[in-house]
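The tour below moves from one selection to the next and says what is found at each stop.

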Amino acid sequence: MLTSYAHHLISSSGIHGNENTNVKITGVTFQDFEVAAVSLNNVDGLEIVENTISGNRKDVPVVGLFSAARFIRPYAKYLKDMNYTLTDENGTVWKTAEQAYDDLITSINNVYEDVIYNGGSISSDTHPVEHHLFDNPHRVVDGPCYALLVHGKGPAVGGMGEVFNEIDPTTTSSNIIIQDNIINDIKCWNNEVPALFGDCGHHGCIINDPRGAVFQTVKTFDSDDPYLSVNEAGEYIGNVVADMQLIVAQAILDGTLSDMPARQIGPNSINQDLIDWATNGGSMTPQYVCNGDSMHHVVKGITVVRVEDTEGFDISGNIITNIENLSPPEFDDCYDFHIGASIENVDEQQGCNVRAISVAATRGYTNKDSIIKNNYIGDVSSAHADMVVGIDIQGDSQDITLKLNEVDLQDTDSIVLTQEEASMLAKTFKALTKAVRKGTRNVLNSENLEEAQNLYAEKTAGSDVEYVAVRIRENTSEISLTNNNFLQPVETLNTARIRGRARKLSHAPHPHVSGDIEWKSGGCPFHDDYANIIVDPIPF
């Protein structure tokens, strides 16, 4: 049990756990976390009750590429110490490991100096190269973010859950209560990283380094200068991270680096063709797989409360407000899309989307429905989304009752606007949640609900963003809606939501974890899904 506690300045999740039993979290104030306030995988018996989740971190200085710079460093140091050199096809030195290592360390140190000693961000004047590579323009985490995340066995890096595991209960969560929480001021953006799709021994793979970091060539959020390691003509221009990734990859391919527990090399898929292109000159026509982040995890936008792979849940009396996805428009030069994305959205780039409450691949309790009841959802936005959803019922979900919920996604007169107000209101939880439950605040009565819905439809007729109060997938069953107030429409979504683009890669379902490690292929959990796809090499 964790109770009456203030939890803030957190680098990832406020509370994170695996294989937990009988957890109770109550009276806690969560602030300044990056990814989630609470993230639990495969938990049986969980109560998250009367907590204040008020504002994730707004001072994150770097994007995920900086992580790749740090994690490639130990390989670089080893190669520097043994005087390793990368040469071109003529035997001419392209770059020594010492030079590449020193350049990498200089860049890391420049970022550290600016962030720690000179104002908390990378200076575009003092260190323009590092600013171009690593600067986080929104200062919030650049990947999927949550307030509360409950998942089945294994990390929640794939798409939303699709199939509930009826056979093995050790892979699912159960008996989850999320009740009377105030969730306010959650903002993040998804940095969609186009991943090169190439030839790895005559089958397809995502090109990534031995730590699973994607070999990045372009960035999707800087229209003025999107090029990281390749220019408009398809020629290699390099940077401190890409140079080091290529040198490490060559050392793996020629046997200089061997696999060790503390120095894995198995996930590396940077191939000889890519190294030769960079060292010998020439151009290539990249083929990009979209809808992944810097580790080729599925980008999913914001999901404020995410519960999946779960038997029996009660999500009641929560206030969710002031939620914003800051993601830029989706990248459009896509050869295909992440093979781990949900089959219901096989070609949808989800980085801009928002779900306030999402349940996927769930079941009811043994003798009653799971329930989503008395929740208020307001002021949820994303400028470039395909979809902003209040409550999303996904995957193979069964036996859920939605009752007495109020959803007005564009209600900007939010109950809670600031962290200070949230802290004050936390002291009057009972009064506030009781007011919401009784519907004393802006609840639309049955007489004027239809009129308000019509006015909303007129107001948003020209918008590219579709706002939906509740979305229910066709492959769910026994979903009941009773006495809810939804200003936005309720939508039933076909099993496949496809926007007409032909899929080039065969599709794999939501992966389930097996074995003694998170995923047997190391850095990318979807590596094996690509292994049976025969592809032509990237055209160099």
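Select residues 97-117, which make up helix H2. At 1.5 Å a residue, its 21 residues should span 30 Å, and the end C-alpha atoms are 29 Å apart, which agrees; the expected span is 1.5 Å times one less than the number of residues. Helices (H or I, at least four residues) and strands (E, at least two) are DSSP runs, numbered from the N terminus. This is a predicted model, in which local features need pLDDT of at least 70 and side-chain atom pairs count only at pLDDT 80 or more, while totals for chains, interfaces and linings use all residues. Residues are numbered from 1 along each chain as its sequence is written, and side-chain values use heavy atoms, with hydrogens and water left out.

Stay on H2 and colour its buried residues: Ala97, Ala100, Tyr101, Leu104, Ser107, Ile108, Asn110, Val111, Asp114 and Val115. Buried means under 20% relative accessible area, exposed over 50%, and partly exposed in between, with a 1.4 Å probe and protein chains only. An α-helix has 3.6 residues a turn, so residues three or four places apart point the same way. What covers the buried residues of H2? The cover includes H1, strand S8 (93-96), H3 and helix H4 (240-253). After H2 comes Gly119, whose phi is positive, near 105°.

Now show the aromatic rings. How many aromatic pairs does a search of the whole structure find? The search finds seven. Rings of Phe, Tyr and Trp (its six-membered ring) pair if their centres lie within 6.5 Å; planes under 30 degrees apart count as stacked, over 60 as edge-to-face and the rest as tilted. One of the pairs is Phe66 with Phe134, edge-to-face at 5.3 Å centre to centre and 80° between the planes. Phe66 lies in helix H1 (residues 65-81) and Phe134 in helix H3 (residues 128-134), so this pair ties together parts that are 68 residues apart in sequence. Phe66 is buried at 13% relative accessibility, and Phe134 is buried at 0%.

Next, select Tyr112 and Tyr117. Their ring centres are 6.0 Å apart and their planes are at 75°, so this pair is edge-to-face. Tyr112 is partly exposed, at 47% relative accessible area, and Tyr117 is exposed, at 58%. Then select Trp94, Tyr236 and Trp277, which ring pairs link into a cluster.

Move to Tyr365 and Lys368. The charged end of Lys368 sits over the ring of Tyr365, 5.1 Å from the ring centre. A charge counts as sitting over a ring if NZ of Lys or CZ of Arg is within 6 Å of the ring centre and within 35 degrees of the ring normal.

Two asparagines come next. Most residues other than glycine have a negative phi. Asn22 has a positive phi, near 55°; this residue is in strand S3 (residues 21-30) and is exposed, with a relative accessible area of 63%. Asn291 also has a positive phi, near 70°.

Select Thr170, in the loop between strand S9 (148-151) and strand S10 (173-179). Thr170 is exposed, at 51% relative accessible area. Its side chain makes a polar contact of 2.5 Å with the side chain of Asp168. A polar contact is a pair of N or O atoms within 3.5 Å; within protein, one must be able to donate a hydrogen and the other to accept it, and residues adjacent in sequence count only if both atoms are side-chain atoms. Leaving aside neighbours within four places in sequence, Thr170 is in contact (heavy atoms within 4.5 Å) with Asn42 and Lys153. The C-alpha atoms of Thr170 and Val43 are separated by 9.5 Å, and the two residues are 127 residues apart along the chain.

Thr476 is buried, at 12% relative accessibility. A polar atom of its side chain lies 2.7 Å from the backbone oxygen of Arg473. Not counting residues up to four places away in sequence, Thr476 touches Ile393, Gln394, Gly395 and Ser397.

Finally, zoom out to the whole protein, which has nine helices and 27 strands. Of its 540 residues, 58% count as buried.
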